Amino acid sequence: MAPLPPSTDPIDALLSAHGLRRTAAARQVLGWLLAHPETSYTHAQLQAALADDTDAALDRVTLYRLIDRLTQVGLLLCRVDSQRVRRYQAMPTSVHAIPHFECQSCHRDSPLAGALKANAHDLEKAAQTALEALKALGYQGMSMDFAVRGVCVDCATGVVAPEVAAGPAA
């Protein structure tokens, strides 16, 4: 069988570049997460979002295996919150450290890059320095996750934000 011609689709190119098959399911999951880069999803939230968005629903096990492979090759970031719930989001290729705030009450995950503004560059530089030092020691396939955990303003004041009440945005 002849090899497939190079793809011009950016999602197919990402999958191929990371040694993954370009299946419809892989394109669907990676495409969804890349289209929603500021949002992290639990497995169940991602399965529900994908089911609402398309006619072809992915079964639970297929989705688990797929997000595991995408995480292993560095296309997804997996965070484990204080309740040991895994949350997945697209990993920006230029980012070595993604600062975020996790509310221990509502479990909303908010990026902090905008809030940190000028300090985000210092954080990125520190992360790069740490990754380079570890790479020199022989470590491979690394990424960093900077998490600040506490109670968000909405939970602290008793105000429930509309997106929390409604669930993740579709």
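I started with glutamine 89, which sits in strand β2, residues 86-90. A reminder to myself: this model is predicted.

Next I asked: is glutamine 89 buried or exposed? Its relative accessibility is 8%, and buried means under 20%, so glutamine 89 counts as buried.

Then I looked up the polar partners of this side chain. I found the side chain of glutamine 89 in a polar contact with the side chain of arginine 79, at 2.7 Å. The glutamine 89 side chain also reaches a backbone atom, the oxygen of proline 37, at 2.9 Å.

Which residues does glutamine 89 touch, leaving out those up to four places away in sequence? I noted Leu33, Pro37, Glu38, Thr39 and Ser40, then Leu75, Leu76, Leu77 and Arg79, and finally Asp109.

How many cavities of 30 Å³ or more does a search of the whole structure find? I wrote down 2. The largest cavity holds about 40 Å³ of space.

I then listed the lining of the largest cavity: Arg79, Val80, Asp81, Arg87, His100, Glu102, Asp109 and Arg149. Two elements give two or more residues each to this lining, namely β1 (76-80) and β3 (97-103). I sorted the lining residues by kind and got 6 charged, 1 polar and 1 nonpolar.

Here my two entries meet.

Conventions: Residues numbered from 1 in each chain as written. Predicted model: local features only at pLDDT ≥ 70, side-chain atom pairs only at ≥ 80, totals over all residues. Heavy atoms only, no water. 1 Å grid on protein atoms, 1.4 Å probe; cavity = no way out; pocket = protein on both sides within 12 Å on 5 of 7 lines; lining within 4 Å. Points joined across faces, edges and corners; volume = space filled by probe spheres on them. Helix = DSSP H or I, 4+ residues; strand = E, 2+ residues; numbered from the N terminus. Nonpolar A, V, L, I, M, F, W, Y, C, P; charged D, E, K, R; others polar. Buried < 20%, exposed > 50% of the residue type's maximum accessible area, 1.4 Å probe, protein only. Polar contact = N/O pair within 3.5 Å; in protein donor to acceptor, adjacent residues only side chain to side chain. Contact = heavy atoms within 4.5 Å.
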